[in-house]
Amino acid sequence: MRSKTAGPVKAGAGLFLFFFLSFPALAQSVAAIKLELDLTDAPRKILHAHLVIPVQPGPLTLVYPAWIPGEHSPSGPIDNFAGLVFTANGRNIPWQRDDVNMFAFHMTVPDGVTVLEAGVDFLATAAATGFSAGASTNPNLAVVAWNEVALYPAGTPAGEVKFAPSVKLPDGWKLGTALASTGADGTTTHFESVPLDTLVDSPILAGRFFKEIPLAPNIISPKHFLDVAADGPEDLNLKDDEISQFSNLVVEAGALYQSHHYNHYNFLFTLSDSVAHFGLEHHQSSDDRVDARTFLDDDLKLINGGLLPHEFTHSWNGKYRRPAGLATPNFQQPMKGELLWVYEGLTEYFGDVLTARSGIWSAEQYREMLALSAAEMDHRPGRTWRSLQDTATAAQLLYSTSSEWDNWRRSVDYYAEGELIWLEVDTMIRTLSKGKRSLNDFAGRFLGKGGDTPPAVVPYEFADVCAQLSDVAPFDWRHFLEGRMSSKAPHAPLNGIANGGYKLEYSDQANDFAHAFETRDHGVNAWYSLGFRTADEAVRDVLVDSPAYKAGLGPGMKVVAINGRKATDELLHNAIRDAKTSKEPIELIVENANFFKVVKIDYHEGERYPHLVRQANTPALLDEILKPMATPPVKKSI
Ligand SMILES: [Zn+2]
C-alpha cells in the first residue's frame, strides 16, 4: 500500500479482535458461494449484493473480512455493512451479531435447509480519505473490493472457500479486473469461480469513461494492461510518451525481478477527485487512485509518479514473497507487521528506483524526492523515543492516525526510512563486491525465487532475508539491520546517500516535490526554516523544538496575519526571506478555535529546502542505480 500522498485517514474498525473459533456446521463444501454484485446504485453510493451459500443444518457463524491484506490493519468496513437479511426456502433466518467480535454473525440453519441466501448492502458513503473502504464511487465510476460485500464461514481458510462472482453495471459502463470473465448477460458479467483469497485480491474498476491500454505489447506472456477510469473523458487522454513510460516500467520490473508471479497484470487506474487517493497491491492487479488531472498537471504528475511502480513491485514483494506474520490463513486472524520495513520499505526503494529507470521521473526528480523524504526522516524528534522497529510492530495503529504531531509520534516511517536503509544496503553490496553485485541480484534471487509462477505466497522470516543478502554479498547483515531497526539516534541513516556520491544539503532554492505539494495543498513548507507547514492558511503541523514550536505554534491554528498584514502564502515566503536581513522576529497573529494570539518567531536564516548535492570525491553509485537495466534511455517528459 502507499499513502504518503494522501491526507489523514479515517479511524478504522475496532483494533482489538478476539479469535472466534468456528462452529463446524458449514461443510467444506465443494459448491461455490454465489456472489452477485449490483453496481447500478453505485452513483448514489450504495452497493447491493446477493449471496447464495451452501450450508448444512445446525449452528452457523458467518464472518465479514476484518484484516485486509495490504492495509496491515483490521480495516474491513463493517460500519458500512448494512441491510443484512438471511433467508432459506423463502423463510427469514434470524441472526445475532457476536457480542465481542463485531465481524461475526451467528444463526441456526433449520433442518432440511442446504442453501442459505443473504441480501447485503455496502454503504459507500465514506469521505475521500482512507483506503479501500474510503470513498470509491461517483456518478461515473466505482472501485469495489469484494471484501466489502463478502461473508464466509468462520474458521475457514480463505484459500478453501470458493466464490462464483458476477457484477451488474450501470448502462454504458465498462470494467477492468484481474478476474477471468466467463461471459456477459446484458449488463451483468460473470467470472470464473475463485477461492475467497483470490476474490478479495481481485477488485473491480468500472466506469463510464473507461479505457484499456495494452502495455509492453512486445511481451507475449504474461500480458499487461492499464485500465483507466476517470471523472471525465478529458482525463483519459494519456500521451504516447506517458504510455511508453508505463511500458518501460513493465519491462524494467521484469529485468529487475527476473520473473513474473501472475498470469496477466491489470493496473486499475482511477483518475478522480471524488475517491480516496492511495494504492493497494494485489497479485495480478493494483488499485491505483490519483487526482483526476494527474496527466494534465505537472505537479500532480510528479507527486503521483511513484504510485504505479510501488504497487506493481508489491506483486513480487508483499504478495508473492510475504513476511510470515502477514501471511495469515484468513481475514479474521490478526496480522503481525514486524517485517513491514521489508514489505513496504524495500517496495518503496525499488518502486522509486523503477520510477526513474522507466523515465516517469528524471534522475534529478528522483534525487529531489529522495532529498525531501530523507530530510523528513532527519527532522523526526520522535525517533529518540520510538525505534523504527516499533513503527512496524505498531503499524495497525499508525495508518489511521491524524498527521498532526507525526514528527513526535512517528508514523509509518518504515516506508521512507526503509527506503534509506535499503539504499544503504544496495551501496554496501556494490562496495563489498567491488561493483560486481548489487541489490538487483538480491531482488532477482529473493523476489524472483522459482522463476515465472502463477500467483502464490512464499512466506519468509527475517533470517531468510539475511541469508539471501549474505548469499549476494557475505556480511553480518543481521547485526547491521537490527542496529538500524532498533536505533534511537536523533538523525536518519543517511549513509546510503553518502555512499551514493551525494550529500543532503539545504538551500533557499525550492525543492521540486516540496513546491508541488505546496501548490497542491495551497500551503507553505517552512519545515526546515521556521519549523511548520501550512495548507489553506492553517498550520498542518509543527516540528518539535523548532523556532515555531518554541514560539508556541501548534497544529490546527490558522495564520491570520504576518507582520501586521493579512496572511497569504506569498507573504509568508517573503517574511522568511526578509527576516534574513532583519533583527526583528517574524510576528504572526494566529487563531486557535476562536481565540487569537500573537506569536513571535525569532528566526533569521532564510528559506531552507533539501537537495542532494553531488560529492566529487566519491563514485556516483546513485547515478548507476538509476540507470535502466533493460530499456534504452528515455527522454524527460515532466
Ligand atoms: Zn506499499
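## Basis

In this predicted model, local features need pLDDT of at least 70 and side-chain atom pairs count only at pLDDT 80 or more, while totals for chains, interfaces and linings use all residues. Residues are numbered from 1 along each chain as its sequence is written, and side-chain values use heavy atoms, leaving out hydrogens and water.

## Overall fold

The protein chain contains 19 helices and 33 strands; these are DSSP runs numbered from the N terminus, with helices being H or I of at least four residues and strands E of at least two. Its C-alpha trace spans about 85 × 65 × 50 Å along the principal axes.

## Burial and surface

Of the 638 residues in the protein chain, 58% are buried (under 20% relative accessible area, with a 1.4 Å probe and protein chains only). The protein chain exposes about 24400 Å², and carbon and sulfur atoms supply 53% of that area (Shrake-Rupley method, 1.4 Å probe).

## A four-stranded sheet

An open sheet of four strands runs in the order β9-β10-β17-β13, with antiparallel pairing; two strands pair if DSSP finds at least two bridges between them. β9 (137-138) and β13 (174-177) are the edge strands, each pairing on one side only.

Two antiparallel bridges join β9 to β10 (residues 141-144). Asn138 lies opposite Leu141 of β10.

How values were computed:
Buried means under 20% relative accessible area, exposed over 50%, partly exposed in between (1.4 Å probe, protein chains only).
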